[in-house]
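Welcome, and please take a moment to turn the model around before reading on. We will go through it one place at a time.

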Amino acid sequence: MKKAWLFSVLIIVGFPTIFASISAKSKKPYKIVCYLGSWANYRNGDGKFLIEDIDPKLCTHLIYGFAKLSHDNKIAAYDPYLDLKENWGLGAYERFTGLKKKNPNLKTLLAIGGWNEGSSKYSRMAKNPSSRKTFVDSCVTYLQRFGFDGLDLDWEYPATRGGIPEDKKNFILLLKELKEAFSSRGLLLTAAVSAGQKTIDVAYDIPALAKYLDFINLMAYDFHGGWDKVTGHNSPLYARPEEDELQKTLNTDYAVKYWLSKGAPAEKLILGLALYGRSFALKDALKNGLDVPVIGKGMAGEFTREQGFLGYHEICRKLQKEKGWTVTVEKHVQAPYIVKDKQWIGYDDIKSISGKVDYLIKMKLGGAMVWSLETDDFKARCHGRRYPLLQAINAVLNGTSVPLPDFNIDDDNFIFEDIPSSSASSPNTSPKTTPNTAVVTTENPGDDPLPCPQNGYFRHPKNCQLFYLCQPRKPGYNAGYQVYLFTCGAGTVFSEQMRTCAFPRNVPECSDD
């Protein structure tokens with residue numbers, strides 16, 4: 001139960017739990033692959049996202065979404081006004097590839113396809129050698145014309161959604177011919193692929209696919225959403241024991257292990273992470289855990305305006321501005337969901353994103369992929385710094401730390417839940433909370449109170465991996481300090497001198513040497 005409130009505090013205040021990882025010991029750098037949903041250019045207010053809002057130093061590979069397949073089997077601009085410069089267009093392609101001037105090591109790719117493009121026209125193109133050649137030749141010319149370093153093929157999905165069974169074989173032929181044309185020109189070839197077992201089995205010859213792709217972007221999200229009849233997290237890390245056999249396949253751990261078991265090289269598999277959440281409208285406000293009945297999609301985001309979908313930047317602002325949200329982290333899902341009245345939103349925050357990166361390191365994968373840049377907190381409205389989720393990914397993979405900010409926690413804005421995971425999952429449980437209070441602690445559970453000599457951060461006196469914030473109580477509260485307890489990332493300890501988590505070798509008082 002104590003873990004539940006710890007997760008809750010981290011979720012709400014957006015505290016950047018300090019990230020460090022065994023990845024620093026790795027000789028091979030990880031990939032950080034960042035997709036852009038280019039249509040965010042048209043959003044209003046703080047949701048409007050320009051190419052210039054991208055920080056090109058936070059990604060190793062940037063992927064522009066999307067181009068389309070035209071009627072003549074050639075690659076083409078999806079939105080010519082936005083993508084191209086001619087006819088007084090905005091020239092987003094060239095501005096995008098121009099980001100390499102700020103980071104010479106950056107690679108930029110153009111994605112073709114996506115969910116809205118469907119599958120049937122890719123199926124028709126791929127089944128004919130002549131039309132495949134037309135497509136391949138057009139891609140080479142198009143990528144070189146606009147300065148892209150490669151193509152990301154996002155066919156969703158072969159042999160489904162209007163495709164034919166032969167797509168599985170034809171997809172490989174298409175990849176082979178693209179790779180042959182690209183290799184001599186130094187162009188990269190990647191693909192975004194499904195994490196669902198049913199789709200994987202009919203769509204992909206994984207060993208052959210891996211032979212031709214430079215890396216594979218596994219879309220390990222959208223496991224649950226408004227298309228379901230019960231609540232479920234967008235991107236759970238592990239299966240829950242009470243789930244049925246089908247439901248136990250709908251999580252990150254199962255998808256990764258399934259791809260690996262079918263022949264995907266771990267170093268080519270890039271784990272997709274969601275910078276957004278999925279919302280539901282509950283049937284009964286008193287039944288608000290996991291697997292409880294819903295009447296459909298939940299609220300839309302303030303900027304994204306898609307029913308059942310909210311970017312992280314919209315969720316964190318909502319938590320800051322609105323009272324009455326409860327937060328739960330189930331121990332297998334290892335990511336938060338929030339509830340208010342009949343609205344239910346599952347998403348990833350700094351803590352859960354970092355946990356998924358720790359997972360990919362453990363599984364020896366090639367890196368992380370994010371969908372998508374424009375739904376992170378790119379304007380620093382929630383955490384005092386831009387791209388908090390993407391920064392956390394970088395910190396864990398690179399074995400670096402995120403400095404501690406100065407901030408004040410406003411207890412009056414939120415409700416925190418302290419409930420066991422079994423209750424969080426029960427459809428018949430109604431969590432009991434007290435309005436406008438936070439479940440936090442002013443003492444170390446089962447031990448003496450933590451000392452607070454002054455306002456600030458201090459290392460736990462008996463555990464170097466733990467640290468805590470002492471903050472004076474507000475007027476009207478009891479005298480003294482409010483204490484917030486935090487934990488450093490795996491393999492690191494807290495340094496009071498540096499005010500950050502670091503490797504033990506850099507903190508002599510916590511070193512075993």
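How do the axes of helix α11 (residues 350-362) and helix α12 (residues 388-398) cross, and within what distance do they come? Keep in mind as you look that this is a predicted model. The two axes come within 9 Å, and they cross at roughly 30°. The crossing of α11 past α12 is right-handed. These are the values to look for, because two packed helices are described by the angle between their axes and the distance between the axes.

Now look at the side of each helix that takes part. From α11 come I350, I353, S354, V357, D358, L360 and I361. They meet P388, L389, A392, I393, V396 and L397 of α12.

Is K356 buried or exposed? With a relative accessible area of 1%, K356 is buried, because anything under 20% counts as such. Setting aside residues up to four places away in sequence, K356 touches S235, L237, T252, L271, L273, A335 and D348.

Let us step back to the whole chain. It has 13 helices and 20 strands. Of its 513 residues, 58% count as buried. Among contacts with a separation of 6 or more, 71% are between residues 24 or more positions apart.

You will find L106 in the loop between α3 (92-97) and β4 (107-113). L106 is buried, with a relative accessible area of 1%. The C-alpha atom of L106 is separated by 7.2 Å from that of P56, although the two residues are 50 residues apart along the chain. Beyond its neighbours within four places in sequence, L106 is in contact with P56, C59, T60, H61, L62, L99, K100 and D149.

Next come the aromatic rings. How many aromatic pairs does the structure hold? There are 26 aromatic pairs. One of them joins W39 and W371, whose ring centres are 6.1 Å apart. Why is this pair called tilted? The planes of the two rings stand at 40°, which lies between the limits of 30 and 60 degrees, so the pair is tilted. This pair links distant parts of the chain: W39 sits in the loop between β1 (31-37) and β2 (61-69), while W371 belongs to strand β15 (residues 367-371), 332 residues apart. W39 is partly exposed, at a relative accessible area of 38%, whereas W371 counts as buried at 16%.

W155 lies in the loop between β5 (150-154) and α6 (167-183) and F171 in helix α6, so the pair ties together parts that are 16 residues apart in sequence. Both W155 and F171 are buried.

Two further aromatic spots deserve a look. Y64, Y93, F96, Y142, F146 and F148 form one aromatic cluster. At W115, R161 lies over the face of the ring, 3.4 Å from the ring centre.

Two aspartates complete the walk. D222 is not a glycine, yet it has a positive phi of about 60°. D222 is in the loop between β7 (215-218) and α9 (252-261) and is partly exposed, with a relative accessible area of 29%. D341 has a positive phi of about 55°, again without being a glycine. D341 lies in the loop between β13 (336-340) and β14 (343-346). Is D341 buried or exposed? At 60% relative accessibility, D341 counts as exposed, because the value is over 50%.

Methods. Residues numbered from 1 in each chain as written. Predicted model: local features only at pLDDT ≥ 70, side-chain atom pairs only at ≥ 80, totals over all residues. Heavy atoms only, no water. Axes fitted to C-alpha atoms, helices over the stretch in contact; angles between N-to-C directions. Helix = DSSP H or I, 4+ residues; strand = E, 2+ residues; numbered from the N terminus. Left-handed = near helix turned anticlockwise from the far one by under 90°. Contact = heavy atoms within 4.5 Å. Phe/Tyr/Trp six-rings, centres within 6.5 Å; stacked < 30°, edge-to-face > 60°. Buried < 20%, exposed > 50% of the residue type's maximum accessible area, 1.4 Å probe, protein only. Lys NZ or Arg CZ within 6 Å of the ring centre and 35° of its normal.
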